[in-house]
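Please consider the model below with its sequence at hand.

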Amino acid sequence: SESAMSFPTSTDIGTFRNILTNLLNTNNDVRTKAEELFEKVPPIDKNFLLLNVCNDDSVPPEEAELAAVLLRRLITSDFDEVYMKIPSDVQQQIKSHLLARLQQNFNINLRKKISDVVSELARNFIDENGTNNWQEYLNFLFEGACSSDPTLREIALLMFAAVPGVFGNQQNKYLNVICQMLSQTLIDQQSLQVRYAAVKAFSAFMLANEKEIPVQKMFSDAHCDVSLLKVFQETLEIKDADPDEVLRSLVDLVEVCPQFFKSQIDHLFHLCWKGLSNKEQLDSTRQLSIEVFVTICEAAPAMVRKCGSKHVPANILSTLEMMMELEEEPGWDFIDDDNTDEENDSNCVVAEAALDRLACSLGGKTILPLVMTAIQQMLSSDDWKGRYAGLMAISAIGEGCHKQMSAILQKVVDRVLPFLIDQNTRVRYAACNALGQMSTDFAPVFQKKFHEKVITSLLQLLSDPSSPRVQAHAGAALVNFFEDCPKSILSPYLNNIVLQLEAVLCSKLTELAEKGTKLVLEQVVVTLASLADSAQEKFVEHYDKFMPCLKFIIENTNQPHLLILRGKTIECVSLIGLAVGKDKFLPDASHVMELLLKNQASDAVISEDDPQLSYMITAWARICKILGKGFEPYLQFVMGPVLKAASLRPEIAVLDSDDMKVVGNDDDWEFVNLGEKHNFGIRTAGLEDKATACQMLVCYAKELKESFAAYAEETVQLMVPMLKFYFHDGVRIAAAEILPWILESAKIRGEAYVQNMWRFILPPLLEALVAEPEPEVVSEHMSAFAQCIEVLNCHCLTQDDMSQLIKILTKYLENHFKRCEERENTRKDEDHDEASEEELLRQDDEDVYILSKISEICCTLFSTYKQEFFVCFEMLLPHFIKLLDPQRNWQDRQWSLCVFADIIEYCGPACEKYQQYFLPSILASVADESPDLRQTAAFTVGVLAQHGGPTFTDYCAKECLPLLIQMINAPESRSEENERATENAISSITKIFMSNNPSVNADEIIPVWITWLPIWEDEEEAKYVFNVLCTLLESNNAPLLGPENRNLPRIVHIVAEAFFREAIEPTSEVGKRVVTLVKDIKKNAELFSACVVNMPTDLQEALHSALIVTN
């Protein structure tokens, strides 16, 4: 019989069976030895031995199932090594035998495991052209799915689910048959297990064809959506059914193909509500029901708002009710660990996260009215769980409902504040949480409006020792409040806050010594660090109160259970040092570094899992910023640990479904479903430390410059490959960001050394620009490339390099237009609404930011290559012309105009080659309604006046000058929105009359010009304009001074206001020129008195301070 067939091997089957038995042994040593022996079996022998075990009915099921799992893994990992070396007739024998074996009636679990083997084999027999070379497998799927045996139907469907792309390039030929197979098995009358399998198969097939709209329509026309939801409904209603099987498939399906459920969305949401609201269901079922609902809201929010609004309220109310499913915890107040909050998979935490996601996806217009009514009732509840959940709900919705909630923020805050003194401590905790979260979500408006009540109330709780958990959370809320609090608001409270923190710090240090408790102490240290970070130089007067105590903690907390406290204290010291500055911190700097480097100095190695490591690495970088070049002596001690942390190689694995059952819930791992029973896993523990270390390397290279040269080569060899470290965006950003700084530091070693380093950097950097998937990271890579060119400041690109770069920029420009078109099409979609428009505007901003970086690259290339870059630029020119089209958005026109401004600036009169494109655009843009575009256009006029040459004198004087004057004299020209555009217009007029333009009468313009001054927003333009003012004053320019020097008071007033608004620094070059001229005027006491007599006091004080500073 087929089941009796066995394959010859050189390894004894008895010995091999013994290995398998020991692999199942619970004794680690026995199992490890068996694993070693198993690995030594040759792959081909292993294949046949495992086949023989799977084939032998006398083998215990558990052992045979293990053999099937190992055989599938062998095929996955070593298919070419094993099957391609087996003669084709033997291959055929194996395939035929396995299919025949599946049709026999034996242990169902083993049959399923063997079906996984067959599916994996089928996947590998699909060639590169998409041709399936195992026709019998396809026949088995269809025949099995139509079999009278429900088990065989189930197995056939599970095999199809495992390899939904098994039809390869013949799929269209079989599409009708596939549709018929799946639509019929979804309504299988005989077996719920078959219907489960059909749901899996249907879901897998739809995911594999997510972009094939005709395929989705075919299955929709066959009512597969209705049938699938009927299976879901049955599983919720039938006792002992397993809704989770269906729900897991639904989650994947609604995420990728939400539109497929558009006609059934009410039914789907009703079923989600049934699953979520029924407390008799398993927690996993209820949570997966929420997940389906939330996922489709995230995937197609506009569709949900338009078509699914009927059942949205019920689902949201049930989510809020689930947030109240909390457990009483005796001793909660005194748990001395901040990681003991509700479990991540508890119902209340899952529901809170779901509410947050719903608010972000559906938006405040939909969510806030539904939620606020329910929250009011929850806050009025006699049960603490209702009040707690209501406050946590306020925390959850702030980000997504930002716009709508801002309008009622006063009411919300007034409602929350009384709960800080609730009789239940967990409610107080939730109130702290709500205030802390609102501090983040609504900053800085929240801080400006509610500082008095919030700071005072949270400080009271921080000083109340009755519940350490609440005490610590009040401190955490203050951290959030301080982070974005303007110094001017924080300053009046600083003394009181410091007194309270000092008192709590002292008492908790005593508690640590007497009782060993540390939760509140850890938090106070963090709160103190945040306060110093926000207060900056205003913290100087409080420095001496805390630094001795903090150094004491660092020195005396080396025990393992106190290392996090030590780490947070290290962070606190470095942030205080950064806040107060070098002069104040310097006397303590060497002692602090000595404490931090004790381990390195004694050659002790910091363990990778030491919780202090990340704190130390960031602290060293901050101290480097404080000390600057003075940090160089410490570099030899810190670079080892930092480079080691930056070098971390994460554990990765491709896991199958069986592996996932073992490690799928491990918090240290993250998994991505690759489809077809494969999951990619990465161990995330340590990734953040790696990213931090990489960012700190950037800091060292940037701050130390040539002092970093000794580490430049080792660092560049480490960082360049990380441009492709796709496990963490921050690592790739740091890898790009450090490159120009490393090149700068390497200059001390000579030009040849720098060029060799650049040749090492460039190819991977260009490759990263091609391959990078994240827009945010792309922009950083582009910026780094531009800065590298700027640092090198020479012809550092070969012809091939330049050609590759132009291709890359062309691709991004083409994609820019393509994405713009896609968004315009989306705006025509019937489901498009105000909230989805916000998402499109966010995507617009993302694209425009990349456009700005393309402009930055062009700028550096023109500044370096001048007219030589014209040849390459010609290939990009059509795109920049297209961007200037008056029909395009103002951002597109702005960044294109910036590129032409760079051409004018760096190529001078040769820019006339492109004048037909930029001259009309300048005139149109100067009068545009967008202030940003007007600013760019006005700036470009000034550049043209300075660098364009005689060709453009009439254009600047006769066509642009009247428009610029019109812009300056417009009614709202000095409003906050228009200020920078107006200042650029003033500066450009300055450049026009200073460029010896024969078409301009400077004597007529200058008396009007001084009435427009000062300018203060645009630092570069202010510097230029005040230098011109000095030049005119130094030459006693008559139109400037006016008859009998009548304009001098006005001029002194302009200067005073410039100092008051910090438009110029008194110690800068232009500042010194201005001060010298004012001092000359001051020599005539009577004249100077007349100049300042009517000047406001604050301007007089600013002028006086400037004159003193430069003495």
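At what angle do the axes of helix 39 and helix 40 cross, and within what distance do they come? The axes of helix 39 (residues 751–771) and helix 40 (residues 775–792) cross at roughly 155 degrees and come within 11 Å. Here axes are lines fitted to C-alpha atoms, for helices over the stretch in contact, with angles running from 0 to 180 degrees between N-to-C directions. Helices are DSSP runs (H or I, at least four residues), as strands are (E, at least two), numbered from the N terminus.

This is a predicted model, in which local features need pLDDT of at least 70 and side-chain atom pairs count only at pLDDT 80 or more, while totals for chains, interfaces and linings use all residues. Residues are numbered from 1 along each chain as its sequence is written, and side-chain values use heavy atoms, with hydrogens and water left out.

Two packed helices are described by the angle between their axes and the distance between the axes. Helix 39 and helix 40 are therefore roughly antiparallel to each other; angles over 145 degrees count as roughly antiparallel, under 35 as roughly parallel, 65 to 115 as roughly perpendicular and the rest as oblique. Helix 39 passes helix 40 in a left-handed crossing, that is, the near helix is turned anticlockwise from the far one by less than a right angle (clockwise for right-handed). A second pair is formed by helix 13 (residues 243–256) and helix 15 (residues 283–299), whose axes come within 9 Å and cross at roughly 15 degrees. Helix 13 is therefore roughly parallel to helix 15, and their crossing is left-handed.

The loops hold backbone details. Most residues other than glycine have a negative phi, and most peptide bonds are trans. A cis peptide bond joins A443 and P444, with omega about -5 degrees; P444 lies in the loop between helix 23 (425–441) and helix 24 (445–462). Another cis peptide bond, with omega about 5 degrees, joins L1013 and P1014, and P1014 is placed in the loop between helix 49 (1002–1009) and helix 50. H223 has a positive phi near 60 degrees and sits in the loop between helix 11 (213–221) and helix 12 (224–237). For N793, phi is positive and near 50 degrees; this residue belongs to the loop between helix 40 and helix 41 (799–827).

Two segments carry annotations from UniProt, whose positions are given in the numbering used here, with feature names shortened and annotations that may be inferred rather than shown by experiment. An unreviewed UniProt entry lists "domain: Importin N-terminal" at residues 49–104. That stretch is 79% helix and 0% strand, and its end C-alpha atoms are 20 Å apart.

What lines the second largest cavity? A cavity is a set of points on a 1 Å grid over the protein atoms alone where a 1.4 Å probe fits but cannot get out, and lining residues have an atom within 4 Å of a point. The lining residues include L1029, I1051 and V1074. Helix 53 (1069–1082) gives the most to this lining, with four residues.

Methods. 1 Å grid on protein atoms, 1.4 Å probe; cavity = no way out; pocket = protein on both sides within 12 Å on 5 of 7 lines; lining within 4 Å.
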